[in-house]
Amino acid sequence: MRSLRYRHLISIPLLALATTAGAQSSDDSLVGLATRAAARLAVIQIPGSGPRTDLTLEDAIARALERNLDIAVQRLNPLVVDLNLAQALSAYSPTFDTSLSTNSSTSPSSTQLDGGQRVVSDRKVVNTGITQAVAWGGGRYTVDFNNNRQASTNTFSSFNPSYRSSFQGSYTQPLLRGFKIDSTRQQIQVTRINRDIADIDLRQLLTNTVSSVQDAYWDLVYATGTLEVQRQALELAETLIRDNEARVEIGTMAPIEIVSARSEAAQRRQSLAQAEQNLATAELALKQLIVGGTDDEYWAATLNPVDLPTLEVPAIDLEEAIRTALDERTDIARSRRQLDINNVNLSSLSNSRLPAVDLVGTYQLQGQGGTRFNRTGLGGTVFQEIPGGISDAFNQLYDVDFPTWNLQLTVSYPLGQSAADAQYARARIQVQQVQAQLRQLGLQVATEVTNAVLQIQGIARRIEASTAARELATEQLAAEQSKFAAGLQTNFFVVQAQRDLATAQDTELRAILDQQKALVEFDRVQRTSLSGAGISIVQ
């Protein structure tokens, strides 16, 4: 397909006007007032007053991906979710605890069995332990290692000082509620899904930003072309004024004929001023997307878009485009991951309806050591002293001399309908609604893709019509100028033909640039949406 660039719209040679001269109009004061006002406004400094910088569409996209501040903010969200996941996983980190204590107590005797009139006891304790939740099965284990030393003036003491050590391990295993899932594992699964959603949101923002940059770039191209069209229209109007003034001087035209030409030139100046404003606005919109702040070199530069649009449209397979959108659109991917969150939450609610059946197993070893006294009866004279220490207690632990074990099963279940049953029933209804929302989203995506194709087809017809209209307007202006030069037509029709040509040029340029933006939109709707579309989350 042949390529049609828009440069012919802004490089049409100025048409020679065969008009007669005329006298000066009475609007000199208005022109002077407008000139002085423009001079005062010229001192205002705005972005775009710096050196002229050529910019391709590819460079604009690359700068946006590197420097766009919205993207910089969004890139931090996955890191935040990573920290949330690390915080959730820390629930399965072991917890080590230890305690050290020492105390001394002096007690008065109240019975003969106190072992003296005044009993002094000194006690030192060193305890350590580890507790950890287990991800599989939702269990939890605890390991404790306790040691204490006690010295006493009690005459009945068989060990003085006495050392006691114990080693105890226990494991609690849920058998129904909390076996497959609990609040901690639910939070971890949801956080991992949210990590995927954060990546999807980043991809969505990247896609939308690239599309916005492309739209802003073509808007700038359009504004640049429109400005050139208005400049040419003003030059045509001013040329007509000069020719009419020359005809007035030689007496072939009445001075009143200059008024319409000058009126048209004044309107062209207004249109030119509006085009300059639109160009500055379009340039600022593009800069907002591709600069990283007001200190960026492109912020003060005058951007010159060098890429030009073409009429080449790739072949479009609507069915394939819809399939691509349903597979790759970020809003659908996000909704599917949110549906996974709902399934996790629904599984948690279902598990909470089960009875709490926990199996608790405990195993304990004990040991005792220290200096041992053998007496001649209760509180009698020591006839044998056997040295010892804490190593005796450790040896007894190692030899498993004094084991103790316990196995316990606990069951808890509310009678009647529980709150968990009502929550689960409500959540199931919400999941059904969510599945309907997902089907509705698929229909919306197919509609958006189809509408984008219809836009491209419609704009193609607009371009054909506007190109024909511009060519006819060019021929019409040439005809009116010829009639005017031969004295067969008035100045009014020449002015009207100039106005029609400027309008036709702008209309054709707008249609060509709209086609570029329609192609951008067609590419975007296959990959993402403009909003953070999603489905309801079951809580």
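## Surface and overall make-up

Accessible areas come from the Shrake-Rupley method with a 1.4 Å probe, and for residues only the protein chains shown count as cover. On that basis the accessible surface of the protein comes to about 29400 Å², and 55% of this area belongs to carbon and sulfur atoms. The model is a predicted one, in which local features need pLDDT of at least 70 and side-chain atom pairs count only at pLDDT 80 or more, whereas totals for chains, interfaces and linings use all residues. Residues are numbered from 1 along each chain as its sequence is written, and side-chain values use heavy atoms, with hydrogens and water left out.

The protein has twelve helices and nine strands, where helices (H or I, at least four residues) and strands (E, at least two) are DSSP runs numbered from the N terminus. Of its 539 residues, 41% count as buried, a class that means under 20% relative accessible area, with exposed set at over 50% and partly exposed in between (1.4 Å probe, protein chains only). Among contacts (heavy atoms within 4.5 Å) between residues at least 6 apart in sequence, 82% join residues at least 24 apart.

## Helices H6 and H9

Helix H6 (residues 183-250) and helix H9 (residues 330-352) pack with their axes 9 Å apart, at an angle of about 175 degrees; axes are lines fitted to C-alpha atoms, for helices over the stretch in contact, and angles run from 0 to 180 degrees between N-to-C directions. H6 and H9 are therefore roughly antiparallel to each other, since angles under 35 degrees count as roughly parallel, over 145 as roughly antiparallel, 65 to 115 as roughly perpendicular and the rest as oblique.

The residues in contact include Ile193, Ile197 and Arg203 of H6 and Arg334, Ile341 and Val344 of H9. By class, this contact has seven nonpolar, eight polar and seven charged residues, with Ala, Val, Leu, Ile, Met, Phe, Trp, Tyr, Cys and Pro counted as nonpolar, Asp, Glu, Lys and Arg as charged, and the others, Gly among them, as polar.

## Helices H8 and H11

The axes of helix H8 (residues 318-328) and helix H11 (residues 419-485) come within 9 Å and cross at roughly 140 degrees, and the two helices are therefore oblique to each other. Leu318, Ala321, Ile322, Ala325 and Leu326 of H8 meet Gly442, Val445, Ala446, Val449, Thr450 and Val453 of H11, a contact with nine nonpolar, two polar and no charged residues.

## Ala266

Ala266 lies in helix H7 (residues 257-290) and, at 30% relative accessibility, counts as partly exposed. Its C-alpha atom is separated by 8.5 Å from that of Leu234, 32 residues apart along the chain.
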